[in-house]
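The exercises below are meant to be worked with the sequence and the coordinates side by side. Each task is followed by a solution that goes step by step.

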Amino acid sequence: MSRWYAHKPKGADLRIPDEILDSVAFLTIKDDAADKSKPAGTAVLLTQASRVPGEVFTYLATAGHCVVGMKRHRHSYVRANTWAGGLQEIEVDPNEWRMAEDYPATDLAVMPFSPGPLRIVGCSL
């Protein structure tokens, strides 16, 4: 896709690395399992190498206020493309998220997460 500019704007050549693009998933909510999903935020999959060779810890991270909002609904999901080419939502318990409650100004929540069939690849810490 070509783009035309009278004057090229600052940041026009900005390219987000694939490693970051491939680590993002959507958070969705439903009040009833039969309802249509509503957006609740985005999350990023992070990986941390273990001290045990070959072992890796994986976590989802999002803004804490997204989790606060998710807790007001009956069903919460992580939504992403699958390796098979479709789209899937995996239900998650919003109570599994951990927040920095000792530091309320820190708007961050994390939870252990295995992506399973979802096509999200973790960014390494």
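**Exercise 1.** Is cysteine 123 buried or exposed?

*Solution.* The model is predicted, so local features need pLDDT of at least 70 and side-chain atom pairs count only at pLDDT 80 or more, whereas totals for chains, interfaces and linings use all residues. Residues are numbered from 1 along each chain as its sequence is written, and side-chain values use heavy atoms, with hydrogens and water left out.

Step one is the cut-off: buried means under 20% relative accessible area, exposed over 50%, and partly exposed in between, with a 1.4 Å probe and protein chains only. Cysteine 123 has a relative accessibility of 11% and therefore counts as buried.

Step two places the residue: cysteine 123 is found in strand E8 (residues 123–124), where strands (E, at least two residues) and helices (H or I, at least four) are DSSP runs numbered from the N terminus. Step three lists the surroundings, with contact taken as heavy atoms within 4.5 Å. Apart from neighbours within four places in sequence, cysteine 123 is in contact with Glu19, Ile20, Ser23, Leu45, Leu46 and Thr47. Leucine 21 is 102 residues from cysteine 123 in sequence, while their C-alpha atoms are 9.5 Å apart in space.

**Exercise 2.** Find the salt bridges, and state which residues they join into one network.

*Solution.* The criterion is a side-chain nitrogen of Lys or Arg within 4 Å of a carboxyl oxygen of Asp or Glu, and the count by this rule comes to two salt bridges. In one of them the side chains of lysine 30 and glutamate 89 meet at 3.6 Å, N to O. Lysine 30 lies in strand E1 and glutamate 89 in strand E5 (residues 87–92), so this pair ties together parts that are 59 residues apart in sequence.

In the other, the side chains of arginine 79 and glutamate 89 meet at 3.7 Å, N to O. That pair links arginine 79 in strand E4 with glutamate 89 in strand E5, ten residues apart. Because the salt bridges share partners, Lys30, Arg79 and Glu89 belong to one network.

The accessibilities complete the solution: lysine 30 counts as buried at 12%, whereas glutamate 89 is partly exposed at 23% and arginine 79 is partly exposed at 28%.

**Exercise 3.** Identify the residues of the largest nonpolar core that touch the most other members, and follow the contacts of one of them.

*Solution.* A nonpolar core is a set of buried Ala, Val, Leu, Ile, Met, Phe, Trp, Tyr and Cys residues joined through side-chain atoms within 4.5 Å. The largest has 18 residues, of which Leu27, Leu60, Val78, Trp97, Phe113 and Ile120 touch the most other members. Strand E1 (24–30), strand E2 (38–49), helix H2 (64–70), strand E4 (75–81) and strand E7 (109–112) each supply at least two residues of this core.

Now take valine 78, whose contacts beyond neighbours within four places in sequence are Ala25, Phe26, Leu27, Leu60, Gln88, Glu89, Ile90, Val92, Phe113 and Leu118. Among these contacts, Leu27, Leu60 and Phe113 are also named in the list of core residues that touch the most other members. For the protein as a whole, 29% of the 125 residues count as buried.
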